[in-house]
Amino acid sequence: MQTYFVGDLIRKRRKELNLTQGQLGEGLCEPVTISRLENGRQTPPFHTLRALLQRLGLPEHKYIAFLNAN
């Protein structure tokens, strides 16, 4: 089984959709927060992750399991 980091998935999909970090986080969080998520320096609160996944068109049930304390 392959391991994925949620930040890598967010970055990959954001770039596929040609969104800036600011556009992705608009109304949810600051661009610096998106940067931290993508670089693995911050774990998003559940509600933020859920909103980001929805905005990116990613099915949350498939990715929520990737969250952990590390």
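Helices α1 and α4 are roughly parallel to each other, a label given to angles under 35 degrees, while angles over 145 count as roughly antiparallel, 65 to 115 as roughly perpendicular and the rest as oblique. Helix α1 covers residues 6–16 and helix α4 covers residues 46–56, and the two pack at an angle of about 30° with their axes 10 Å apart. Here an axis is a line fitted to C-alpha atoms, for helices over the stretch in contact, and angles run from 0 to 180 degrees between N-to-C directions. On the side of α1, the contact is made by Val6, Ile10, Arg13 and Arg14, and on the side of α4 by Leu49, Leu52 and Leu56, where contact means heavy atoms within 4.5 Å. These residues divide into five nonpolar, no polar and two charged, with Ala, Val, Leu, Ile, Met, Phe, Trp, Tyr, Cys and Pro counted as nonpolar, Asp, Glu, Lys and Arg as charged, and the others, Gly among them, as polar.

The model is predicted, and local features need pLDDT of at least 70, side-chain atom pairs count only at pLDDT 80 or more, and totals for chains, interfaces and linings use all residues. Residues are numbered from 1 along each chain as its sequence is written, and side-chain values use heavy atoms, with hydrogens and water left out.

The protein as a whole has five helices and zero strands, where helices (H or I, at least four residues) and strands (E, at least two) are DSSP runs numbered from the N terminus. Buried residues make up 31% of the 70 residues, and buried means under 20% relative accessible area, exposed over 50% and partly exposed in between (1.4 Å probe, protein chains only). Among contacts between residues at least 6 apart in sequence, 52% join residues at least 24 apart.

Helix α1 also meets helix α3: their axes come within 7 Å and cross at roughly 120°, and α1 and α3 are therefore oblique to each other. In this contact, Gly7, Asp8, Ile10, Arg11 and Arg14 of α1 meet Ile34, Leu37 and Glu38 of α3. The residues divide into three nonpolar, one polar and four charged.

A search of the whole structure finds five salt bridges, each being a side-chain nitrogen of Lys or Arg within 4 Å of a carboxyl oxygen of Asp or Glu. One of them joins the side chains of Glu38 and Arg14, at 2.6 Å from N to O, and this pair links distant parts of the chain, since Glu38 lies in α3 and Arg14 in α1, 24 residues apart. Both Glu38 and Arg14 are buried. Salt bridges that share partners join Asp8, Arg11, Arg14 and Glu38 into one network.

Glu38 also meets Arg11 in a salt bridge, at 3.7 Å from N to O, and here the partners are 27 residues apart, with Glu38 in α3 (residues 31–38) and Arg11 in α1. Glu38 counts as buried because its relative accessibility is 4%, whereas Arg11, at 22%, counts as partly exposed.

Glu16 is partly exposed, with a relative accessible area of 43%, and Arg13, at 25% relative accessibility, counts as partly exposed.
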